[in-house]
Amino acid sequence: MTQLSMKKGGLEHPAVIRLLQDHLDQMAGTAPPESRHALDLSGLKQSDVHFYGAWVGDDIAGCGAFKVLNNDHAEVKSMKTATEFLRQGVAGQVLAHLMTEARSLGIKRFSLETGSMGYFEPARAMYQRLGFELCAPFGNYNEDPNSVFMTKIISE
């Protein structure tokens with residue numbers, strides 16, 4: 001497993017910007033625009049969003065964020081692993097860090113929206129391995145055949 005250094009913020013760093021643009025570009029081919037819910041840079045800079053970069057030395061290995069929905073519920077956003085760090089445990093470490101940070105803010109539940117297509121199967125499998133369960137749409141989401149909704153209690 002790759003050892004990561006987690007850093008809050010960094011949305012101005014060129015490597016982070018490239019990784020996030022890669023994320024958005026890959027999403028563009030998976031579903032119609034109304035079914036794509038990835039945040040762009042301006043969305044990630046909102047005060048209710050907590051963004052973290054995962055670094056190995058000077059290389060960005062991945063990233064993740066959570067958006068606070070209310071006092072005890074947050075949504076996982078912008079989970080992305082850089083291509084050269086795939087299958088090295090980056091996403092699991094990022095998610096664990098996000099949960100720790102969210103718990104410190106009193107968050108008790110993490111939910112997420114991901115795609116229903118085959119492209120997203122590795123992500124859905126990882127979330128299931130980590131205890132996320134299928135759920136109904138939450139927040140401002142509606143039923144969508146292109147989306148899968150999952151949730152997990154992270155703190156009692």
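**Strand pairing and the nonpolar core**

Strands β2 and β3 (residues 59–70) run antiparallel and are joined by eight bridges; helices (H or I, at least four residues) and strands (E, at least two) are DSSP runs numbered from the N terminus, and two strands count as paired if DSSP finds at least two bridges between them. The model is a predicted one, in which local features need pLDDT of at least 70 and side-chain atom pairs count only at pLDDT 80 or more, while totals for chains, interfaces and linings use all residues. Residues are numbered from 1 along each chain as its sequence is written, and side-chain values use heavy atoms, with hydrogens and water left out.

Seven of the eight residues in β2 (residues 49–56) are buried, meaning under 20% relative accessible area with a 1.4 Å probe, protein chains only.

Now for the core. The largest nonpolar core holds 38 residues, and L95, L98, F110 and Y127 make the most contacts inside it; such a core is a set of buried Ala, Val, Leu, Ile, Met, Phe, Trp, Tyr and Cys residues joined through side-chain atoms within 4.5 Å. Elements giving two or more residues to this core include β2, β3, α3 (90–104) and β5 (109–115), with α3 giving the most, six residues. Beyond its neighbours within four places in sequence, F110 is in contact (heavy atoms within 4.5 Å) with residues including F66, L95, L98 and M150.

Key: Buried means under 20% relative accessible area, exposed over 50%, partly exposed in between (1.4 Å probe, protein chains only).
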